[in-house]
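Subject: Structure handover

Hello,

I am passing on the structure below, followed by notes on what was found in it. Please read the notes with the structure open.

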Amino acid sequence: MRGEVSFRSKSLSDYQLKMMFIMPTIILLIVMNIFPLLWSLVLSFSDYSAINSQAPDFIGTKNYIRIFSQKATWSYFVTTAYFVVLAVAAQFIIGFGLALLLNREFQGKGLITTLMLIPMMLSPVVVGLFWRFILDSSWGLFNYLLSLGPAVLHKITAALHFPSGIVSWFKDAASNARGIIWLTRPKAALFSLVIIDTWMWSPFMMLLSLAGLSAIPKYLYEAAEIDRASTWFKFRHITFPLVAPLLLIALLFRTMDAFKLFDLVYIATAGGPGSATETVSMNLYRRAFQDYNTGESCALAYILLIFIIALSNIYIKYLNKAKGNA
Amino acid sequence: MADVRVQNLTKRFDDVVAVKNLSLECKDREFMVFLGPSGCGKTTTLRSIAGLEHPDEGDIYIDNNQVNDLPPADRDVAFVFQFYALYPHMTVYDNMAFPLKAVKMPKPEIEQRIKEVSAVLRIERLLNRTPSKLSGGEMQRVALGRAMVRRPKVFLMDEPLTNLDAKLRSEMRAELKRLQKDIGATTIYVTHDQLEAMSMGDKIAVMNQGVAQQIGTPGEVYDHPASLFVASFVGSPAMNLLDCEYRQEDGKSVLIVGENDFILTISDELGKKIQDDATDSNLILGIRAEDVFVRDEAAEDTVQAEVYVVEPLGSENIIDLRIGENMLKVKTLPTVQPDIGQTIDMWLDKNRMHLFDKTTEKAIS
């Protein structure tokens with residue numbers, strides 16, 4: 001005991017020890033996050049350009065006014081909104097569905113769950129590159145798989161001498177599927193991004209849903225079984241309300257993430273064709289690192305930030321409500 | 001209301017046989033208690049009756065209908081779980097309404113039923129709270145209420161009082177018994193507490209290692225235990241059990257207790273029964289603490305014993321006596337307060353003693 005006391009008094013006090021652990025994080029946070037955040041706020045009111053050696057001149061709210069007065073800005077927000085709604089909804093449905101399927105005991109459950117999580121662990125750039133190949137309209141795997149069903153049906157119907165209308169319908173369907181142009185057609189391109197993002201991030205929704213589902217005690221289902229609840233009644237009144245808080249957290253993460261989508265777009269479509277997949281983040285990149293309008297890009301970044309904070313608050317409000325009920 | 005019949009029920013979990021060839025019957029309006037230590041198969045039997053487990057062998061009848069393959073929902077039974085299993089995200093009202101909403105009962109009727117039941121259980125003021133804001137006793141009542149609003153054929157209860165503190169437990173014991181009589185519901189109740197079983201049950205099934213050791217009224221189980229297990233499990237303090245040997249000495253039937261610690265003369269009638277029924281002459285003598293008496297002076301058939309310890313319980317004293325290597329608990333009036341180490345004379349009520357075959361552990365009677 002005495003040895004310990006003297007050791008302690010010679011070295012750090014509790015306070016110093018705490019500081020020693022906390023300081024690296026605080027310093028890192030200030031240097032990498034808080035200072036840039038504040039500095040970019042200052043720059044957003046200036047005409048600064050990163051490639052000019054001129055010091056930033058204060059120009060008031062001119063950057064903001066310019067951004068808001070550009071029609072294109074709004075279309076970037078609309079594109080982003082489309083993407084967020086479609087991708088997050090798809091990820092929610094698929095992820096939660098997979099979680100419901102996996103939430104039971106069966107052989108190889110661990111292996112299958114791990115395999116399902118792989119897309120999420122890949123780098124978005126790698127995923128973007130993969131999918132550029134997969135979605136290629138002339139030799140991509142995706143179209144081949146889509147055409148497989150109609151092609152097989154075409155062969156079967158032809159072999160069984162079905163009416164020629166049906167046979168040729170399947171033949172057309174197969175060749176149409178093979179020719180779908182994904183990434184380079186305006187409407188399809190955004191949809192392709194939704195597919196890629198869903199492929200990558202549904203596992204995340206699945207993981208959080210699964211955690212929520214497996215936390216529901218089994219005896220509640222037994223009680224409900226005794227209480228004569230149907231499968232749907234059990235889902236609606238027990239499963240769903242009890243996983244809702246976790247689902248909301250997962251949705252919050254995915255929405256925030258989808259809102260600032262950049263890497264996938266940059267690799268898969270680079271915002272094109274035209275500006276069909278130009279998300280706000282993509283446009284931000286263009287303003288900052290292609291046009292070098294640093295001040296303007298800072299302003300846009302702040303607008304994006306305010307959007308995301310507002311959106312998160314809506315979720316958090318619901319989350320607190322859901323938690324309060326549980 | 002209905003009667004429940006279990007016939008040759010066997011249930012295995014992997015290699016473990018939880019219930020072994022169990023048969024019993026619970027009559028209409030009867031309060032039946034499954035009593036036994038943990039792992040004796042009592043809960044498994046209850047869950048099989050509820051439909052939460054599927055029997056490996058045997059049949060379960062409710063109201064003379066075989067229900068083996070019916071899901072729990074179609075058996076019209078209510079189940080009160082040990083940990084209550086209240087729906088945590090619903091108010092007390094919604095918890096109680098759940099089984100009624102599940103079968104699409106009209107709202108006014110749901111309201112009416114909940115009003116009635118919550119009045120009986122005195123939980124009206126809790127209806128808007130969630131389970132997390134209830135005490136153990138309150139949760140218990142709500143769980144009971146959720147079962148009662150359904151007016152099921154059979155109530156099944158799995159140790160519903162185990163998680164309450166001692167005082168509340170004894171209160172709820174009386175209330176539950178009264179409630180059962182008032183609504184006249186067939187009830188099967190699982191517990192490991194022999195006091196609960198004795199005080200509440202119309203009939204007790206004492207179980208051990210998946211086998212029903214004895215099924216009978218509390219009186220029968222207490223006064224005529226069918227096996228060594230029942231004798232030792234029912235009653236507090238537990239029945240005194242002493243090794244003894246049956247012998248014929250000078251034409252008289254006697255029991256030599258312990259290592260020749262004392263000798264009891266028994267009737268020839270009982271001696272003949274032992275000769276007929278017992279595997280050999282090695283027996284176990286059982287005597288309850290209230291059937292042993294201490295005396296101030298030696299009389300016929302008294303035995304000298306040393307006072308080992310005195311446990312005063314207020315309304316009575318439990319005196320532990322040592323006779324040779326054997327210990328014997330005696331229940332006395334609180335006024336009897338011998339000193340530790342004192343030699344005392346004691347006497348057994350031979351009409352109330354029990355003999356068990358040491359090999360088969362079955363009672364000889």
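The sulfur of C40(B) lies 17 Å from the closest cysteine sulfur, that of C26(B), which is too far for a bond. C40(B) also counts as buried, because its relative accessibility is 1% (buried is under 20% relative accessible area, exposed over 50%, partly exposed in between, with a 1.4 Å probe and protein chains only). C298(A), at 9% relative accessibility, counts as buried too. Over all chains, the search finds 0 disulfides, a disulfide being a pair of cysteine sulfur atoms within 2.5 Å.

This is a predicted model, in which local features need pLDDT of at least 70 and side-chain atom pairs count only at pLDDT 80 or more, while totals for chains, interfaces and linings use all residues. Residues are numbered from 1 along each chain as its sequence is written, chains are lettered from A and ligands numbered from 1 in the order in which they are written, and side-chain values use heavy atoms, leaving out hydrogens and water.

Now the interface. Chain A contributes 17 residues to the contact and chain B 25 residues (contact means heavy atoms within 4.5 Å). About 1,900 Å² is buried between chain A and chain B, 67% of it on carbon and sulfur atoms; buried area is the accessible area (1.4 Å probe) that two parts lose on being put together, summed over both. On the chain A side, I226(A), D227(A) and R228(A) lose the most area to chain B, together 39% of what that side buries.

There are 3 salt bridges between chain A and chain B (a side-chain nitrogen of Lys or Arg within 4 Å of a carboxyl oxygen of Asp or Glu). D227(A) forms a salt bridge with R146(B), with the closest N and O atoms 3.7 Å apart.

Regards
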